[in-house]
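Hi everyone, thanks for coming. I'd like to walk you through one model today, so please have a look at the screen.

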Amino acid sequence: IRGQAIDGDGYATYRMKIVADSLPKLLSIHMPTISTAYDLYIDTEKIFSVGTVGKSRAEMIPGYNPHVIDFVANKDEINIVLQVSNYYHRKGGFWKIAVLGKRVDVWKRQTFILIAGIFVGGILILNGLYHMAMYPIRSYTKVPLYFGCFSIVIGIRSLVTGYIPLHYLVPVLPWWLIIRVEYLTAYIGMPLFLYYIQSIFPHDKSP
């Protein structure tokens, strides 16, 4: 702005007008993770909010909640207003694109994303539990133990990142817990993977 780069802290209002010859009556918006609070208005009516928008850290409450919002288009012109604020994360605003479309199409997309996220996370966690269960049988090596722990950690991470599939299973998860699990799993997963490599090649890799 005026030749200077802005950081992630602050607040802003986004406005967009959609004009078409004809619009489907039943529409939906797939809102991604927006850092870290927002209010969404359509034709001056607030239809969804995440966290509490504010002009300072003391005034706002952060939140993560990727969501599909349904609404009815009563005319061929839609005015969308999005108020966003962030004082809790280094990256503020949009992380992914928002998708507007027919209700059935948006929900199909959302269902696929949700199923894929839960499937990947579930497979990783089950794979980790299997390898950890193998450790007492193969106690002469710690390979299954480290690999099992690593799989579980990455499985949990996949459920709290991106479109946050875990939020659909447990909607009451607070923002502070989601963000801590996201970062902790990254920092815990790295040494676990290194221990796993070390246990496979104990004589070929320097401790």
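This is a predicted model: local features need pLDDT of at least 70, side-chain atom pairs count only at pLDDT 80 or more; totals for chains, interfaces and linings use all residues.

Residues are numbered from 1 along each chain as its sequence is written, and side-chain values use heavy atoms, with hydrogens and water left out.

Let's begin with the helices. Helices here are DSSP runs of H or I with at least four residues, strands are runs of E with at least two, and both are numbered from the N terminus. Two packed helices are described by the angle between their axes and the distance between the axes. Helix 1 covers residues 103-134 and helix 2 covers residues 143-159; their axes lie 7 Å apart at an angle of about 160°. For the axes, lines are fitted to C-alpha atoms over the stretch in contact, and angles run from 0 to 180 degrees between N-to-C directions. Helix 1 and helix 2 are therefore roughly antiparallel, a label for angles over 145 degrees, with under 35 roughly parallel, 65 to 115 roughly perpendicular and the rest oblique.

Now for the charges. How many salt bridges does a search of the whole structure find? The search finds three, where a salt bridge is a side-chain nitrogen of Lys or Arg within 4 Å of a carboxyl oxygen of Asp or Glu. I'll also quote accessibility: buried means under 20% relative accessible area, exposed over 50%, and partly exposed in between, using a 1.4 Å probe and protein chains only.

E77 sits in strand 7 and K17 in strand 1, 60 residues apart, so the pair links distant parts of the chain. E77 is partly exposed at 29%, whereas K17 is exposed at 52%.

Another pairs R103 with D70, with the closest N and O atoms 3.7 Å apart. This one ties helix 1 to strand 6 across 33 residues. R103 is partly exposed at 24%, and D70 is partly exposed at 35%.

Then there is K46 with D39, at 3.8 Å from N to O. Here K46 is partly exposed at 43%, but D39 is buried at 10%.

The peptide bond from S35 to T36 is cis, with omega near -10°, and T36 lies in the loop between strand 3 and strand 4. Phi is positive, near 50°, at R2, and I164, also not a glycine, has phi near 50° too. Are these two buried or exposed? R2, in the segment before strand 1, is exposed at 82%. I164, in the loop between helix 2 and helix 3, is buried at 2%.
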